[in-house]
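Visitor: Could you take me on a close look at one part of this protein? I'm new to this, so please go step by step and show me how that part ties in with its surroundings.

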Amino acid sequence: MNGAPPRFWSIFFELYESLPRQGPGNRACAARALSFCRDLPSTPTVLDLGCGVGGQTLHLAELTSGPIVAVDSHAPSIERLRAAVAARGLSERIRPVVGDMAKPGLPSASFDLVWSEGALYNIGIENALRVCHGLLRSGGYLAFTDAVWRKENPPPEVKASFEDDYPTMGRVPEVLVAIERCGLALIGHFTLPDEAWWDDFYTPMEIRIEDLRGTYADDDEALAVLDQLAQEPAMHRRHSDDYAYEFFVVRRVG
Ligand SMILES: C[S@@+](CC[C@H](N)C(=O)[O-])C[C@H]1O[C@@H](n2cnc3c(N)ncnc32)[C@H](O)[C@@H]1O
């Protein structure tokens, strides 16, 4: 974030790493997206890109029965996922890896299902779609979420809030064009419902921000950062008609 106060990132990570997930999504949406993947093998080989602390990775482990590689560039998130995986006795099935999805260093054409919630945009959506295409077996599926504008002209306040993090954010038809350009076939897409923003993401975030306000009660700099971080769920409360998260399920045909 440009112009962030010096302590912004340490408090940002203190908050985000403690949440069940680091972006919108829930188990029901993962199950719905997975239901589009009708021809998956019975024990599919799965790759979760930009997994964060692995909220959706653990859901995928319940919803599928094959091996899962979960990649994120933020090492502390991967450490948390490793601990959760070990605590659930899933170390044989889930392999958390610190890595860059732009250069994942994984064998090409080796996954039946590539999954990515709220993460592909970090390396440019079209670049990411090409990376995923290369990782998928022929006939394999890619399921991903991406933030999209719902309106042609969102209010300046909302536009400005996405300017730092996702300046190239588009609308659904633009993502569909990128999908086609990357040689992937659309199977279906749907908009995440409001509870997918709140139940596992903004509600725990607001609770945690209140906890941290207590922890940092005598620290004006930290409190200012927390005020800044609290703006995101507050803005969503006011402006959820202006933007959405869309789940896209596509398939490598060739
Ligand atoms: C919005 S969070 C979503 C996390 C998780 N999928 C979820 O929905 O809870 C985006 C994640 O992408 C990760 N990320 C950003 N750039 C990355 C890259 N180049 N390679 C791998 N992970 C990356 C971040 O560390 C972060 O965990």
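Guide: Let's start at the ligand. In this predicted model, 22 residues surround the ligand, and the closest are Arg-21, Gly-23, Gly-50, Gly-52 and Asn-122. Sort that shell by class and you get six nonpolar, 12 polar and four charged residues. Two elements that each supply at least two residues of the shell are helix 3, residues 55–63, and strand 2, residues 68–72. Strand 2 is the part I'd like to zoom in on.

Look at how the side chains of strand 2 are arranged. Ile-68, Ala-70 and Asp-72 point one way, while Val-69 and Val-71 point the other way. Whichever way they point, all of them are buried. A residue counts as buried here if 20 or more other C-beta atoms lie within 10 Å of its own. Five of the five residues in strand 2 pass that test, so the strand is largely enclosed by the rest of the structure. For the protein chain of 254 residues, buried residues make up 37%.

Now, what sits beside strand 2? One partner is strand 1, residues 46–49, which pairs with strand 2 in the parallel sense over four bridges. You can find one spot of this pairing by eye: Val-46 stands opposite Ile-68 of strand 2.

Another partner is strand 3, residues 94–98. Strand 2 and strand 3 run parallel and are joined by five bridges. Here, Asp-72 has Val-98 in strand 3 as its bridge partner. To get from strand 2 to strand 3, the chain crosses through helix 4, residues 75–87, and this β-α-β crossover is right-handed as well.

Finally, zoom back out. The protein chain holds nine helices and seven strands. Its C-alpha trace spans about 55 × 45 × 30 Å along the principal axes. A compact globule with 254 residues would have a radius of gyration near 18 Å, and the protein chain has 18 Å, which agrees.

How values were computed. Residues are numbered from 1 along each chain as its sequence is written. This is a predicted model: local features need pLDDT of at least 70, side-chain atom pairs count only at pLDDT 80 or more; totals for chains, interfaces and linings use all residues. A residue is near a molecule or strand if its C-beta atom, placed from the backbone, lies within 6 Å of it. Ala, Val, Leu, Ile, Met, Phe, Trp, Tyr, Cys and Pro count as nonpolar, Asp, Glu, Lys and Arg as charged, and the others, Gly among them, as polar. A residue is buried if 20 or more other C-beta atoms lie within 10 Å of its own, exposed if 12 or fewer, and partly exposed in between; C-beta atoms are placed from the backbone. Two strands pair if DSSP finds at least two bridges between them. A crossover is right-handed if, with the strands pointing away from the viewer, the path from the first strand over the helix to the second runs clockwise. The radius of gyration is taken over C-alpha atoms; the globule rule is 2.2 Å times the number of residues to the power 0.38.
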